[in-house]
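Look over the model first.

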Amino acid sequence: FMVWFAGAMALLMAYTYHELRPEVIDQASKHSAMFRYFCTVWQSDWVRAIGIVSASALIPVFLLLDVLRQRIRRCRMRSSSKSLYTNVGQRLVRELSGWNW
């Protein structure tokens, strides 16, 4: 039961972080102690380590598929970007590069 609960909380935090703008997150953390706690937990190196370990096989697969998607978009003239990744892939790479490895 606790594993499902922890997984649901991790998904909730990831969804919230992905969908909300940083200004909204800052404002909500000022008014809600629980939201402030979630922000603190989300930025914890331990939580990030658990996420990396649990998704370690999926991250390279996602990045490889993202590179292929970007190449297909360039071939179909849907993107003029010279970047290796799509916008979503670039955001993931930027986020992961800022972590304390």
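Q: Which residues of α3 does α2 meet?
A: This is a predicted model, where local features need pLDDT of at least 70, side-chain atom pairs count only at pLDDT 80 or more, and totals for chains, interfaces and linings use all residues. Residues are numbered from 1 along each chain as its sequence is written, and side-chain values use heavy atoms, without hydrogens and water. Contact means heavy atoms within 4.5 Å. From α2, Ile25, Ala28, Ser29, Lys30 and His31 take part, and they meet Ala33, Phe35, Arg36 and Cys39 in α3.

Q: How many nonpolar residues are in the contact of α2 with α3?
A: Ala, Val, Leu, Ile, Met, Phe, Trp, Tyr, Cys and Pro count as nonpolar, Asp, Glu, Lys and Arg as charged, and the others, Gly among them, as polar. Two residues of this contact are polar and two are charged. The nonpolar count is five.

Q: At what angle do the axes of α2 and α3 cross?
A: Helices are DSSP runs (H or I, at least four residues), numbered from the N terminus. Axes are lines fitted to C-alpha atoms over the stretch in contact, and angles run from 0 to 180 degrees between N-to-C directions. The axes of α2 and α3 come within 5 Å, and they cross at roughly 125°.

Q: Why are α5 and α6 oblique to each other?
A: Angles under 35 degrees count as roughly parallel, over 145 as roughly antiparallel, 65 to 115 as roughly perpendicular and the rest as oblique. The axes of α5 and α6 lie 9 Å apart. The pair is oblique because of its packing angle, which is about 140°.

Q: Which residues of α3 make the contact with α1?
A: α1 and α3 pack at about 95°, with axes 11 Å apart. That makes α1 roughly perpendicular to α3. The α1 side has Met9, Ala10, Met13, Ala14, Thr16 and Tyr17, and the α3 side has Phe35, Phe38, Val41 and Trp42.

Q: Which element gives the most to the lining of the largest pocket?
A: A pocket is an open set of points on a 1 Å grid over the protein atoms alone, where a 1.4 Å probe fits, with protein on both sides within 12 Å along at least five of seven lines; lining residues have an atom within 4 Å of a point. The largest pocket is lined by 41 residues, with Ala10, Met13, Ala14, Tyr17 and Trp42 nearest its centre. With 12 residues, the top contributor is α1.

Technical notes
Helix = DSSP H or I, 4+ residues; strand = E, 2+ residues; numbered from the N terminus.
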